Amino acid sequence: MRYRIAAAVMIAALVVAANARAAETRCGWIENPTPANWWLEDAENTWTIMTQGDDAGEVEGMELISDISEREYVRTNGNYGYACACMSVETDGKDRITRILSFRQLKLAKCRADKALKFPG
């Protein structure tokens with residue numbers, strides 16, 4: 001009986017571990033060109049965080065993205081624009097950020113110096 005309980009606990013732990021998504025660190029241009037439109041462009045992909053009118057709604061952890069205009073950023077449309085940042089995120093493995101775990105805004109020079117990043121816009 002003990003072995004069955006131990007086996008059941010181990011199987012449950014493996015199932016939980018298999019379903020857990022690993023955090024990824026993504027660094028690049030964080031873009032907010034218009035209200036409720038956010039994405040991150042890193043060396044690998046353009047990651048959609050949220051788009052206006054999207055049924056998916058706001059991504060968990062969105063509140064961790066501070067007001068990017070309070071630090072170095074480029075204004076492109078009124079109060080909207082882009083900045084350089086690193087984020088710890090979970091993704092769908094394709095092109096969407098599904099959860100934000102942390103956000104750190106960097107100096108624009110950091111992204112400008114990264115040859116692997118495309119210029120935003």
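A disulfide is counted here as a pair of cysteine sulfur atoms within 2.5 Å. In this predicted model, the count comes to 2 disulfides by that rule. C27 is joined to C86, with an S to S distance of 1.9 Å, and C84 is joined to C111 at 2.0 Å. With bonded cysteines counted along the chain, the pattern is 1-3, 2-4.

**Disulfide C27 to C86**
- The S-S torsion of C27 and C86 is about 110 degrees, so this disulfide is right-handed.
- C27 belongs to strand β1 (residues 24-32) and C86 to strand β5, so the bond ties together parts 59 residues apart in sequence.
- C27 is partly exposed, at a relative accessible area of 32%, whereas C86 is buried, at 11%.

**Disulfide C84 to C111**
- The link of C84 and C111 is right-handed, with 80 degrees about the S-S bond.
- C84 lies in strand β5 and C111 in helix α2 (residues 108-113), so this pair ties together parts 27 residues apart in sequence.
- Both C84 and C111 are buried.

**Nonpolar cores**
- The largest nonpolar core has 18 residues, and those touching the most other members are I30, W38, I49, I65, I68, M87 and I100.
- Two or more residues of this core come from each of β2 (38-41), β3 (46-50), β5 (80-91) and β6 (97-106).
- Strand β5 gives the largest share of this core, 4 residues.
- Leaving aside residues up to four places away in sequence, I65 touches I30, W38, I49, M87, I100 and F103.
- A second, separate core of 8 residues includes W29, L106, L108 and C111.

Conventions
Residues are numbered from 1 along each chain as its sequence is written. This is a predicted model: local features need pLDDT of at least 70, side-chain atom pairs count only at pLDDT 80 or more; totals for chains, interfaces and linings use all residues. Side-chain values use heavy atoms; hydrogens and water are left out. A nonpolar core is a set of buried Ala, Val, Leu, Ile, Met, Phe, Trp, Tyr and Cys residues joined through side-chain atoms within 4.5 Å. Buried means under 20% relative accessible area, exposed over 50%, partly exposed in between (1.4 Å probe, protein chains only). Contact means heavy atoms within 4.5 Å.
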